[in-house]
Amino acid sequence: MILNRQRSVRVSVRDLDIFLERALRCLRLPPGALAICLVDNTEMARWNRSYRGKNGPTDVLSFPTNGPQRNGSTLAKPNRPKPVRASRSDSYLGDIAIAPAVARRNARRFGRTFSEEMRILILHGILHLMGYDHESDDGQMERREHRLRRECGLA
């Protein structure tokens, strides 16, 4: 499910929903394993400050249902992620927040389309929900994300 709670950037939620279904299949996760909320920069900045201790909006934040713990000013996740196989009884991984205005700015900076950037952020957020952490995992998350981009038609 993708909710659009911002109005500053036009977003095709339908197209993102289609991509989300494909990404979940690639990751062997059940439909309904997560929710995505598109938010404005003000809300994203508030959450970034509250949960990461960083000022200003970021492009994507993930909120796992398993409750990551604080480690200083960042949310700590396991260094070595265990593959998540969500069963029917415990299938909800968590929520992802994306700031389309930040994504649009980053897309320009990285030479990608806005649509590609939004899809990349969905993959990135899902990997965080699965326990990956690019700040502490010696490149595991980045390698997995690049493989997923290819599998999901982004590379």
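**Core.** I began with the largest nonpolar core, which has 35 residues; a nonpolar core is a set of buried Ala, Val, Leu, Ile, Met, Phe, Trp, Tyr and Cys residues joined through side-chain atoms within 4.5 Å. Buried means under 20% relative accessible area, exposed over 50%, and partly exposed in between, with a 1.4 Å probe and protein chains only. Ile-36, Ile-98 and Ile-126 have the most contacts inside this core. I then looked up which elements give two or more residues to this core, and found H1, E2, strand E6 (94–98), helix H3 (100–110), H4 and helix H5 (140–151). Helices (H or I, at least four residues) and strands (E, at least two) are DSSP runs, numbered from the N terminus. H4 gives the most, with eight residues.

**Source note.** I kept in mind that this is a predicted model, where local features need pLDDT of at least 70 and side-chain atom pairs count only at pLDDT 80 or more, while totals for chains, interfaces and linings use all residues. Residues are numbered from 1 along each chain as its sequence is written, and side-chain values use heavy atoms, with hydrogens and water left out.

**Ile-126.** Leaving out residues up to four places away in sequence, I listed what Ile-126 touches: Leu-20, Ala-23, Leu-24, Leu-27, Leu-29, Leu-34 and Ile-96. Contact means heavy atoms within 4.5 Å. Another core, of seven residues, lies apart, and Val-39, Met-44, Leu-61 and Ala-97 are among them.

**Helix H4.** I checked how enclosed H4 is: 13 of its 16 residues are buried, so the rest of the structure largely encloses this helix. Just after H4, I noted Gly-131 with a positive phi of about 105°.

**Sheet.** I followed four strands through an open sheet of mixed pairing, in the order E1-E2-E6-E3. Two strands pair if DSSP finds at least two bridges between them. Strand E1 (2–4) and strand E3 (60–64) are the edges, each pairing on one side only. E1 and strand E2 (residues 34–38) run parallel, joined by three bridges, and Leu-3 stands opposite Cys-37 in E2. Helix H1 (residues 13–26) packs on the sheet and touches E1 and E2.

**Cysteines.** Cys-152 is buried, at a relative accessible area of 1%. Cys-37 also counts as buried, because its relative accessibility is 12%.

Methods:
Axes fitted to C-alpha atoms, helices over the stretch in contact; angles between N-to-C directions.
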